Amino acid sequence: LGLGFAAMSLVSEALGRRDPQEASRWAWQTVQIALITVAGVAVVLVSAPALVLGIFTDEAAVIDAGVLPLRVLGVVLLAEGVSAVMQNALTGAGAARKAAAVSVLSQWGLGLPCAALFGLALGGGVLGVWLGWSLSRLAAASVLTAIWARGRWTAIKL
């Protein structure tokens, strides 16, 4: 999220100087930094989820139930990083409504229904809920990145 705020500031500052190419570079470079930063945490979550869960509890049943969902989180954390940076970069470019709409629709229109479907209706439990939420994060990252790549934000008058 902090890197997202940095992207927002850098993008808006570059656009204030009427330099959309620099604004674009800032967003992509910040995504790269976010991916590198988040990758370290993701590797730990994927490779040692029981160790991480052991920090919070010593209950074997809780740790066993949390291992797979934490691995899912580790993988999806990369998309979450991209989403946070792109949402804030678009906000800095003046496309706050579009970025907010993607965020709300992905979480409430996709994530919540999928979490309910996979977790409750299909009996997937906690893992199903995490998988449903994961779809919303992957969708948000994909759509926000596509909006940024399309470049229409360069025509917004600030």
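Me: Contact means heavy atoms within 4.5 Å. On that basis, which residues is Val44 in contact with, leaving aside its neighbours within four places in sequence?

Reply: Val44 is in contact with Pro49 and Val52, once neighbours within four places in sequence are left aside. Please note that this is a predicted model, in which local features need pLDDT of at least 70 and side-chain atom pairs count only at pLDDT 80 or more, while totals for chains, interfaces and linings use all residues. Residues are numbered from 1 along each chain as its sequence is written, and side-chain values use heavy atoms, with hydrogens and water left out.

Me: Where does Val44 lie, and how far is Val44 from Arg71 in space?

Reply: Val44 lies in helix H2; helices here are DSSP runs of H or I with at least four residues, strands are runs of E with at least two, and both are numbered from the N terminus. The C-alpha atoms of Val44 and Arg71 are 9.0 Å apart, although 27 residues separate the two in sequence. Val44 is partly exposed, because its relative accessible area is 39%; buried means under 20%, exposed means over 50%, and partly exposed lies in between, with a 1.4 Å probe and protein chains only.

Me: Stepping back, how many helices and strands are there in the chain?

Reply: The protein chain has 6 helices and 0 strands, so along the sequence its pattern reads α-α-α-α-α-α. Its C-alpha atoms fill a box of roughly 55 × 30 × 20 Å along the principal axes. Of its 158 residues, 38% count as buried. Among contacts between residues at least 6 apart in sequence, 71% join residues at least 24 apart.

Me: How do H1 and H2 pack?

Reply: H1 and H2 pack at an angle of about 170°, with their axes 8 Å apart. That angle makes H1 roughly antiparallel to H2: angles over 145 degrees count as roughly antiparallel, under 35 as roughly parallel, 65 to 115 as roughly perpendicular and the rest as oblique. The axes are lines fitted to C-alpha atoms, for helices over the stretch in contact, and angles run from 0 to 180 degrees between N-to-C directions.

Me: Which residues make that contact?

Reply: H1 contributes Leu3, Ala7, Leu10, Val11, Ala14 and Leu15. By class, the contact of H1 with H2 has 12 nonpolar, 2 polar and 1 charged residues; Ala, Val, Leu, Ile, Met, Phe, Trp, Tyr, Cys and Pro count as nonpolar, Asp, Glu, Lys and Arg as charged, and the others, Gly among them, as polar.

Me: Which residues touch the most other members of the largest nonpolar core?

Reply: Val11, Leu90, Leu144, Trp148 and Trp153 do, in a core of 24 residues. A nonpolar core is a set of buried Ala, Val, Leu, Ile, Met, Phe, Trp, Tyr and Cys residues joined through side-chain atoms within 4.5 Å. The elements that give two or more residues to this core are H1, H2, H4, H5 and H6, and the largest share, 6 residues, comes from H4. Apart from it lies another core of 9 residues, among them Val38, Leu45, Leu53 and Leu77.

Me: What does Trp148 touch, not counting residues up to four places away in sequence?

Reply: Its partners include Val11, Ala27, Trp28, Met86, Leu90 and Trp153.

Me: Lastly, how exposed is Leu105?

Reply: Leu105, found in helix H5, is exposed, with a relative accessible area of 58%. Leu105 and Ala140 are 35 residues apart in sequence and 8.6 Å apart in space, C-alpha to C-alpha.
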